[in-house]
Amino acid sequence: MIRLEDIFVVFQGNTPLERIALRGVNLEINKGEIVSIVGNNGSGRTSLLRFLAGYINPSFGKLWFNNTDITRQTLSERAEIFSSVFYDQNTGTAGNLTVAENLAIAGMHHQPKSLLEPALTEETKEVIFQQLKNINFMGLENLIDERVCTLGKAYRQVLALLIAVTKGAEVILIDEHSTGLDKAAADALLEATERIIREHKITTIMAVCDPKYAMDVSDRMIVLSHGQVVSDLSGERKKNTTVESLYSSFNIIPQIKDLRNYDAKQ
């Protein structure tokens with residue numbers, strides 16, 4: 001489904017401040033998989049997700065989706081495939097609209113519509129209320145008429161995830177969306193996240209700061225170090241991995257790949 005081929009991402013290249021965020025990443029992700037990206041700060045987790053979403057162009061390499069080269073697609077073109085839930089709660093929702101309005105508009109994403117056609121009817125609102133009630137996330141259904149900008153971060157992050165699912169994205173990208181929450185809110189958000197992505201059977205790639213959560217929730221764990229994949233754990237290997245051994249893998253120092261060697265192949 002998704003294939004990354006020799007992906008390099010370089011910031012401020014050929015300057016004294018040059019930083020290589022991703023170094024020759026090769027990775028394949030199958031439809032329906034839940035994949036956690038783990039590693040130390042600075043390992044390349046966020047850069048990988050932002051590259052997939054289309055916010056960052058690669059310095060080298062190709063990105064394939066269903067055997068189509070989408071490396072040079074624009075951010076808006078890539079949005080037809082990938083939807084993102086990042087740690088900034090202002091991303092992915094319209095703050096001046098209500099919870100119901102956000103979800104109603106998301107539901108119209110692929111429908112032909114007139115500019116004068118109302119997105120939110122009483123029937124739609126009742127469907128949204130039941131949807132939120134079924135999620136059972138801290139009484140979110142009772143906030144259906146609240147403007148999103150007045151809600152706490154946990155509510156906004158769940159709403160961003162629901163919008164991404166409602167829009168029919170092929171792949172959900174999640175970047176440490178529980179960062180900055182207290183433990184109770186973070187736990188509730190992470191539990192709701194698992195319920196939503198499992199229920200919809202949607203391919204999910206998420207940067208996770210809690211290795212225990214990654215082990216419990218994901219089908220695969222990809223460990224990044226120095227912008228390179230140093231471990232790919234699934235099946236029995238994942239089952240036999242302990243939190244301690246996973247933490248140890250964060251500190252693996254790979255043989256560093258040099259972009260100049262790849263440029264010479266062109």
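A nonpolar core is here a set of buried Ala, Val, Leu, Ile, Met, Phe, Trp, Tyr and Cys residues joined through side-chain atoms within 4.5 Å. The views below show a predicted model.

**View A. The largest nonpolar core.** This core comprises 48 residues. Leu103, Leu132, Phe137, Val158, Ile172 and Leu246 have the most contacts inside it. Two or more residues each are supplied by strands E3 (34-38), E7 (171-175) and E9 (220-225), and by helices H3 (99-107), H4 (122-135), H5 (153-166), H6 (183-200) and H7 (211-217). H5 gives the largest share, 10 residues. Another core, of 29 residues, lies apart from this one and includes Ile2, Ile37, Phe65 and Ile70.

**View B. Surroundings of Phe137.** Phe137 is among the residues with the most contacts inside the largest nonpolar core. With neighbours within four places in sequence left aside, Phe137 is in contact with Leu132, Ala154, Tyr155, Val158, Ala188, Leu189 and Ala192.

**View C. The buried residues of helix H3.** Val99, Ala100, Asn102, Leu103, Ala104 and Ala106 are the buried residues of this helix. An α-helix has 3.6 residues a turn, so residues three or four places apart point the same way. The cover over the buried residues of H3 includes H4 and H5. Leu103 is also one of the residues with the most contacts inside the largest nonpolar core.

**View D. Ser178 in the loop between E7 and H6.** The loop that joins these two elements contains Ser178. The relative accessible area of Ser178 is 12%, under the 20% limit, and the residue is therefore buried. Not counting residues up to four places away in sequence, Ser178 touches Ala186, Leu189 and Leu190. Leu189 is in contact with Phe137 as well.

**View E. The six-stranded sheet.** The sheet is open, its pairing is mixed, and its strands follow the order E6-E7-E8-E3-E9-E10. Strands E6 (82-85) and E10 (228-234) each have a single partner strand, so one side of each is left without a neighbour in the sheet. On average, neighbouring strands are turned by 20° against each other, direction ignored.

View F. E6 pairs with E7 in the parallel sense, over four bridges. Opposite Phe82 stands Val171 in E7. Helix H1 (residues 45-53) lies across E3, E6, E7, strand E8 (203-207) and E9. H1 runs at about 150° to E7.

Technical notes
Residues are numbered from 1 along each chain as its sequence is written. This is a predicted model: local features need pLDDT of at least 70, side-chain atom pairs count only at pLDDT 80 or more; totals for chains, interfaces and linings use all residues. Side-chain values use heavy atoms; hydrogens and water are left out. Buried means under 20% relative accessible area, exposed over 50%, partly exposed in between (1.4 Å probe, protein chains only). Contact means heavy atoms within 4.5 Å. Two strands pair if DSSP finds at least two bridges between them. Axes are lines fitted to C-alpha atoms, for helices over the stretch in contact, and angles run from 0 to 180 degrees between N-to-C directions.
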